[in-house]
Amino acid sequence: MSTQPSALSRSRAVLTLEYPMSLGRYDTYEAAQKAVDYLSDHEFPVQNVLIVGTDLKQLERVTGRLTRGRAAIGGLVSGAWLGLFVGMIFALLDTTSGAGFSSILATIAFGALFGLVWSLIGYQLTRGPRDFTSVTQVVATQYEVLVEHKYAGQAREMLTQMDPMAAAQAQVAAAREAEREAARQRAAGEPPVPPAPPA
């Protein structure tokens, strides 16, 4: 039996920090990326930083009504593209017969026919509950930048220099969160947790 870690466990190890501490929460990925880029530009060991998307939500943008004609045209076009791709591969690999252009046209026609039939079957099976086309994407509501605990003080100091106003707002938010947690602990009758030392 092999004792080497699997690829999955190696990828999990890369995507985790031992004792992560939060550097801040951002409403967009670009803002979180800007903070990490600032740290990188100032020689911070960014291999100890992790960006985590939280509060995932799925967006589905409806792009139009799905009719039999639209389904047929979509299948025809996508099948023709697939046929063109396969035909060009065959034409490049087949140097003996010299069929070239005619074989490409044949595979385009076969691909278009296959795409047409396949899309009409799919349309017939899903007809009724879903008569529209859409594009979906899973996005995060917030992005949190985490850092290994031993680098937290240094990173916070550097980010304070990047945007003093945002740093002050983050400190206020952290203080409010600490107050809410203390109130919850008092209400639950739990012993208070001593505050963390300042970074």
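The model is a predicted one, and the pairing described here is read from its coordinates. In this pairing, Pro20 stands opposite Glu148 of β3. Strand β3 also pairs with β2, again in the antiparallel sense, over 15 bridges.

Two residues deserve attention for their backbone angles. Asp55 is placed in strand β2, and its phi is positive, about 55°, although Asp55 is not a glycine. Is Asp55 buried or exposed? Its relative accessible area is 51%, and since the cut-off for exposed is over 50%, Asp55 counts as exposed. The other case is Glu43, found in the loop between α2 (29-41) and β2 (49-65). Phi of Glu43 is near 65°, which is likewise a positive value in a residue other than glycine. With a relative accessibility of 69%, Glu43 counts as exposed.

Helix α4 covers residues 100-126, which makes 27 residues. How far apart are the end C-alpha atoms of α4? They are 39 Å apart, and this agrees with the span of 39 Å that the helix should have at 1.5 Å a residue.

Several residues of α4 are buried: Ile104, Thr107, Gly111, Ala112, Gly115, Ser119 and Tyr123. For each of them, buried means a relative accessible area under 20%. What covers these buried residues of α4? The cover includes α3, residues 68-93.

Which residues form a nonpolar patch on the surface? The patch is made of Leu82, Phe85, Val86, Ile89, Phe90, Leu92 and Leu93, and together they have about 740 Å² of accessible area. Leu92, one of the patch residues, lies in helix α3. At 68% relative accessibility, Leu92 counts as exposed. Helix α3 thus holds the exposed Leu92, while α3 is also among the elements covering the buried residues of α4.

How values were computed:
Residues are numbered from 1 along each chain as its sequence is written. This is a predicted model: local features need pLDDT of at least 70, side-chain atom pairs count only at pLDDT 80 or more; totals for chains, interfaces and linings use all residues. Side-chain values use heavy atoms; hydrogens and water are left out. Helices (H or I, at least four residues) and strands (E, at least two) are DSSP runs, numbered from the N terminus. Buried means under 20% relative accessible area, exposed over 50%, partly exposed in between (1.4 Å probe, protein chains only). The expected span of a helix is 1.5 Å times one less than its number of residues. Contact means heavy atoms within 4.5 Å. Two strands pair if DSSP finds at least two bridges between them. Patches are made of residues with over 30% relative accessible area and no salt bridge: like charges are joined within 9 Å, nonpolar side chains (Val, Leu, Ile, Met, Phe, Trp, Tyr) within 5 Å. Accessible areas come from the Shrake-Rupley method with a 1.4 Å probe; for residues, only the protein chains shown count as cover. A salt bridge is a side-chain nitrogen of Lys or Arg within 4 Å of a carboxyl oxygen of Asp or Glu.
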